[in-house]
Amino acid sequence: MTTQMIIALAITVFMIILIMRDRLPFGAPPLIALLLLVVTGVSDIKGAFAGFANSTIMMLAAFMAIIAALQKTSFISKFKIAMFNMAKKGGYKAYILLIVIVMLGTSLFGTGSTAYYVLVIGFLSALPENKALAPSKVLMPAGFAANHPLVPFNTALQYGITVAVLDAAGAATNVNLVKFSIVNLILSLGFLAWSILAYKFLPEHPISKDSSDNEADQREKTHLTKKQELVTYLSFALAVVGMVSQSYIGDAGYALTGIAVIPIFLVGVLDFKEIRDAISAPIIIMSAGVIGVADALGGTGLTEMVGKSVAGMLGSNINPFLLIFAFCILTSLLATLTGSTIGTVYVFAPLAIATCLKLGFDPTAAATAIVISGWCGHFLPVDGMPALIMGTGNYTMVEFWKFTIPQYFIRLFALTAGALLLFPV
């Protein structure tokens, strides 16, 4: 290893440790890492901070503003009320419908939305005790459903990261957004299948929160006019069209997402401060920052070296499914342990891509599966979502593992199979 490789690796490890300790604001560790890369001469300022001018990051920032506007609509309020009504009916059908409703909501907010899963889990914890459907029986699967879109047209974050890691690893390719969304759908169907089967195994006991809320408490009035709501829906549709069309018209498609924010501002759905806060959200800073770190690892030759080493250990006859499945396990496990999904993805996806290139495989399936797998850990209650689900539902570790360990392997199996089906190597 060269001196620059060692320095780049040390800075990357330091960044991950800072993220794990959770002492600094979210998004700060990558900025510190970028500055260290410049100071040590591993990268120049232009290269280190290139992520902030990345087209996918610009698109993601604009889309955050659109999601903030969407949360103000009456559609979201009706969504909450529908969940409450389903829970009151009880029974197996209500159980499935609740999970499906949450998955439909995830389609709007996107995978990994902290605001959405906190909203869902908080709501489910307030469901009244019901012998026909105990809240403890539905909270865990419906809580995890907030990570699985049933209509995955809002995959902007994961899609953007996939394109970015392919670019950073020197394997730029045209990733079809529709196919990428179908891979997400296959993963979600795998999760849904397991949730349906797991109904009999889920525990029934009182949960930790007081469940005295009633239906009226769940109603949240929207203050938007009909015109404002219509503009919000149209802007959302325009943003999605822009993302889909990017494969055909290039960065202009991403620019459409930014343009879609303008009507929302003009009709007063969001003021300028709200838009500014949305587009500079910590998740955007984190995403932009780790791109520079990933670029530095690739620029020093470390990524390529690791790719050659792993390829040499695996041999030339390794099955693509086993290769991708193994990297998915590694990525999802470390993302759960570190609490840094995006940071872990940006470290391991380039390694997997380099390995595929050395073995002569098309790396698109690997990049797609590994990026998505970063949001597929959750069998340990050490990250935000699983910890909140376990604590809120008052589950024992055994009860938690009965659902999450099979879920973990079923999802990764479906994800790997779906990626290879849609993006053959």
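Accessible areas here come from the Shrake-Rupley method with a 1.4 Å probe, and for residues only the protein chains shown count as cover.

A quick word on ground rules. This is a predicted model, so local features need pLDDT of at least 70 and side-chain atom pairs count only at pLDDT 80 or more, while totals for chains, interfaces and linings use all residues. Residues are numbered from 1 along each chain as its sequence is written, and side-chain values use heavy atoms, with hydrogens and water left out.

**Overall build**

The protein has 22 helices and 0 strands. Those are DSSP runs numbered from the N terminus: helices are H or I with at least four residues, strands are E with at least two. Of the 425 residues, 55% are buried; buried means under 20% relative accessible area, exposed over 50%, and partly exposed in between (1.4 Å probe, protein chains only). Take the contacts (heavy atoms within 4.5 Å) between residues at least 6 apart in sequence: 81% of them join residues at least 24 apart.

| Helix | Residues | Detail |
|---|---|---|
| α4 | 55-70 | 12 of its 16 residues buried |
| α14 | 261-266 | 3 residues in the nonpolar patch |
| α20 | 364-373 | holds Ala366 |

Helix α4 reaches 23 Å from its first C-alpha to its last, close to the expected 22 Å, which is 1.5 Å times one less than its number of residues. α4 is mostly covered, and its buried residues include Ile57, Leu60, Phe63 and Ile67.

Leu238, Val241, Ile259, Ile262, Phe265, Leu266 and Phe272 make a nonpolar surface patch of about 680 Å². The elements giving two or more residues to this patch are α12 (226-249) and α14. Patch residues have over 30% relative accessible area and no salt bridge; like charges are joined within 9 Å and nonpolar side chains (Val, Leu, Ile, Met, Phe, Trp, Tyr) within 5 Å. A salt bridge is a side-chain nitrogen of Lys or Arg within 4 Å of a carboxyl oxygen of Asp or Glu. Phe265 sits in α14 and counts as partly exposed because its relative accessibility is 40%.

**On the inside**

Ala366, in α20, is buried, with a relative accessible area of 2%. Leaving aside residues up to four places away in sequence, Ala366 touches Ile324 and Cys356. The C-alpha atoms of Ala366 and Pro424 are 10.0 Å apart, though 58 residues separate them along the chain.
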